[in-house]
Amino acid sequence: MAQPNRLDSTIQEYLWEEQRSEVKRDFYIGRVYAMAGGSPNHSRIATNLLTELSLSLRGKGCEAFNSDLKVGVKTSNKPKRKSRTVDPTDEDFVTYPDCSVVCGKLEYYKDDRYTLANPALLFEVLSPSTRNYDRVFKLEQYQKIPSLKAYVMIDSEKVRVEYFTKVAKGQWLQSTLIELENELLLDEWGITLTLNSLYARVEFDEEAE
């Protein structure tokens, strides 16, 4: 993770401030981190993804949301101390995934209607500055969400889609796609996403490849 912009925020303070913030910020153990903006390729992929998901989920009781909606991860079941000060045992994590899917009724993290608690699917578009953060730290945190069934990462610098699907409690299956002709199949939701559609209009830097 990047260096925090704030070190002593309670989760309640963060949620209140985030509704009024001009920049998106993540929260973890009392620390608040400002998130960097994305590249044109990042934005293209995120837009393609949301469009394809919205079409695929129509009439299926599920809904796709863009990166304006936060997701809260309850990572600790330890009792909280009755104090305003930051509790180091409270390791809740709040972030803005590039896309989230909820099936059925929306549930909210700490009753904050700007923050989801029950995503079934989460998607991140990987950039150079966030690749390790999304592939390691966020993966670990997202896998703690009881409702989550799949986590998908789409690289913005090359054709590569890496995803994890939950097969049992605490067990996840990892898969990788690297050809534009490949299809990402999320059978439980009747979703088929071709990499051609996800990478439509994306222009790769030849030197980066």
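The largest pocket is lined by 33 residues, and Met 35, Ala 36, Gly 37, His 42 and Asp 98 are the ones nearest its centre. Here a pocket is an open set of points on a 1 Å grid over the protein atoms alone, with protein on both sides within 12 Å along at least five of seven lines, and lining residues have an atom within 4 Å of a point. The structure is a predicted model, in which local features need pLDDT of at least 70 and side-chain atom pairs pLDDT 80 or more, while totals for chains, interfaces and linings use all residues. Residues are numbered from 1 along each chain as its sequence is written, and side-chain values use heavy atoms, leaving out hydrogens and water.

The volume of this largest pocket is about 740 Å³, taken as the space filled by probe spheres set on the grid points, with a probe of 1.4 Å. At least two lining residues come from each of β2, α2 (40-57), β8 (121-126) and α3 (131-142); helices (H or I, at least four residues) and strands (E, at least two) are DSSP runs numbered from the N terminus. The lining comprises 13 nonpolar, 12 polar and 8 charged residues, with Gly counted as polar and Tyr, Cys and Pro among the nonpolar ones.

Helix α1 (residues 11-18) has Ile 11, Glu 13, Tyr 14, Leu 15 and Glu 18 as its buried residues. Their cover includes β1 (25-28), β2 (31-34), β4 (70-73), β5 (93-95) and β7 (115-116).

What about covalent links? A search of the whole structure finds 1 disulfide, a pair of cysteine sulfur atoms within 2.5 Å. Cys 62 and Cys 103 form this bond, with sulfur atoms 2.0 Å apart, and the link is right-handed, with 105 degrees about the S-S bond. Cys 62 lies in strand β3 (residues 62-65) and Cys 103 in strand β6 (residues 99-103), so the pair ties together parts 41 residues apart in sequence. Cys 62 is buried at 16% relative accessibility, whereas Cys 103 is partly exposed at 30%.

How values were computed. Buried means under 20% relative accessible area, exposed over 50%, partly exposed in between (1.4 Å probe, protein chains only). Contact means heavy atoms within 4.5 Å.
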